[in-house]
Amino acid sequence: MTPIVRPVTVPSFWNDTGKSGVAAWIFSTDHKRIGLLYLYSVLAFFLVGMTLGGLLRIELMAPGRTIVGPQTYNALFTVHGVVMIFLFIIPAFPGAFGNMVMPIQIGARDVAFPRLNLLSWWLYVLGATIIIVSLFTGDGPPDTGWTFYLPFSERTGTNVSLAVFGVFIVGFSSILTGINFVTTIHQLRAEGMSWGRLPLFVWSLYATAWVQILATPILGITLVLIIAERLLGTGLFDPGRGGDPLMYQHLFWIYSHPAVYIMILPAMGAITEIIPVFSRKPIFGYKMIAFSSIAIASAGSLVWGHHMFTSGMSDRAILIFSFLTFVVAIPSAIKVFNWVSTLYKGSISLEAPMLFALSFILLFSIGGLTGLILGAAATNIHVHDTHFVVGHFHYVMFGGAGFAFFGAMHYWLPKFYGRRYAEKPALAAWVLMFIGFNITYFSMMLLGVKGMPRRYYDYLPEFAPLNLVSTVGSWILISGVILLLINLFRGLWKGEPIGNNPWGGATLEWTIPSPPPTENFDADPVVTHGPYDFRKTGMP
Amino acid sequence: MTGPHHQDHAGAKLGMWLFLATEVILFGGLFLLYAVYLARYPHEFATAGREMHLVFGTVNTVILITSSLLAAMAVTAIQRDESKTAVRCLGGTVFCGAFFLCNKYFEWSAEIGHGIYPNSSRLATGSPGESVFFSLYYLTLGLHGLHVLIGTALLAVVAVRVQQRTIHASNYALLENSALYWHLVDLIWIFIFPLYYLLL
């Protein structure tokens, strides 16, 4: 068995157990190895999703057929959504950085249930495999959109049942991660690591874990019901047999709106780690940021109805869901104000992680504010199911969670490899991504305001110029991503070695060697100061 | 596969309670559908509810409550280090689980024999509310039956391990968690029984 290349030769979790074959990785219960397994799995699916998204943009570059037919187009946007949401962005933060960083940040040697953690990854791989198999078997890949709306997903002849089953398994993996993280954060904090000294990334993962535990089972039962509709003909969502398709939409969004917070909360947590370190200033409003994570998780679980304003709901229900949607904006804004206040009079260092963090604030704010346009009942009617929605959620999901993920990769991965990337190509990649991103998705919002519907194969000639602009933007964006990944991983394998604390952070992961040993800490740490108390780090 | 396994009792129990919460929510989706469709089709639900076999439901309720008592007694027995009693109690629970599933088999056979099952021609020609009721009935009780099956298998494994002395007075987290799981199965039935057999 060929040993996996070790980045640095000092004793670390890469080599100190003496086991480095493939089996020692895919059956390891070490949280750092499992975190890296997740990282590479989600990145692989990100590249798949990105390719599909690129093809979608090429198809929409000009009216009429460009490269694929309508049925393939439907499959493309369905699989792009399923892969990006269920296989990339939901598992990305908790699975990769939650696993790698969180136990170290609370001063633990591992998560509470290391074997369950390994099972989570295996379930993820199994679910992902089933989803991939569903694309190439049966009567073609699903063409329903990632939302699997009934009754269409019952009637379509494509391979929906198998894909839905794969998503069900991935959901189970997400639940187990949530259970593991809540237990870990309750039980395994080091001495002196009080709740008021938890790094805010841990707070955000804690809130996320509760959403994973409480919302995902609803997705589970909803997916089971889709399969039952298709295989047993239960007719629970079929108006012809007394069912109601609206009930499906309710059940689906009871999970899928809180799922948005599974995607964005840990991203906000990562940003909250990066900003104070690169501003050389303690975080402003620690308690309010911790509180707002919990507030977003709770209030965000009650707003699902805003996806259904045009589906047929009473005016009173629309009013309540619209009001609650605006309530969620408050804790989100609390976070933004606290980040900006942290920057104020800070000694800001514009290195790659910080650039991603700063662009997160801007892009997330645009995504959040356009979300209020969609959350307001009156304006929603005009832009519902248009490209405005597509632009909006890409600003939140990609401009928010995605950019935060790339920032976190630059911030934390050097810790686990003991080497760092080159700064200049990283900056160039960020510039390309930032420009490309805004061209791609801002054009979509403009198209939506002009009335171009989403998920349509063809469009009127007046939409052609902006569609062309958006597609060109996607090429810039993709080239930025490719440059970023090449530079980052080249650096992690061959770059300049780093010390324990290259950025001057004050959380526990920066007190141990880079890369860390398998046991993380030589002796159980005793925490004596807060996570953003930079006076104690001994850095200039 | 080295590395510390923090198998402290408190952690294992917290994890189990969180898992049980997810199970409650899983069934919660089906109960939510029941509530909405009951409000929409009160008369059809009442008509359909009269076709339920109250005897099967009542007997199964008694069986499950007894089995839950036995599971709780097994936990107390292992705490007192009385392995033999624990094994007997667990054996009783497993027997009750199997008995429950046998009843379920006969009940469903009778109903399917009468042409009551999802997408049957009898339900297709009947009123839509009745078809919804029976679809929900089969899905909810089917999912519950699956949990009974898993719980029974789990408790059987635990009984063997108590017999082999790998579960004992100072290490019984698995027994306690399996008993908790069994109580959940019982708890869900306590909601199913009145909703499908009694109220309508």
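This is a predicted model: local features need pLDDT of at least 70, side-chain atom pairs count only at pLDDT 80 or more; totals for chains, interfaces and linings use all residues.
Me: What should I know about the numbering and the cut-offs?
Reply: Residues count from 1 along each chain as its sequence is written, and chains are lettered from A in the order in which they are written.

Me: How many residues from each chain are in the contact?
Reply: Chain A gives 41 residues and chain B gives 35, contact being heavy atoms within 4.5 Å.

Me: And how much area is buried?
Reply: About 3,200 Å², with carbon and sulfur atoms giving 71%. Buried area is the accessible area (1.4 Å probe) that two parts lose on being put together, summed over both.

Me: How many salt bridges across the interface?
Reply: The rule finds one, a side-chain nitrogen of Lys or Arg within 4 Å of a carboxyl oxygen of Asp or Glu. Arg40(B) pairs with Asp244(A), their closest N and O atoms 2.9 Å apart.

Me: Which helix of chain B supplies the largest share of that side?
Reply: H1(B), with 17 residues. Helices here are DSSP runs (H or I, at least four residues), numbered from the N terminus.

Me: Switching to H6(B), what span should it have?
Reply: Helix H6 of chain B has 36 residues (128–163) and should span 52 Å at 1.5 Å a residue, which agrees with end C-alpha atoms 52 Å apart. The expected span is 1.5 Å times one less than the number of residues.

Me: What follows it?
Reply: Arg165(B) follows H6(B), and its phi is positive, near 70 degrees.

Conventions:
Side-chain values use heavy atoms; hydrogens and water are left out. Helices (H or I, at least four residues) and strands (E, at least two) are DSSP runs, numbered from the N terminus.
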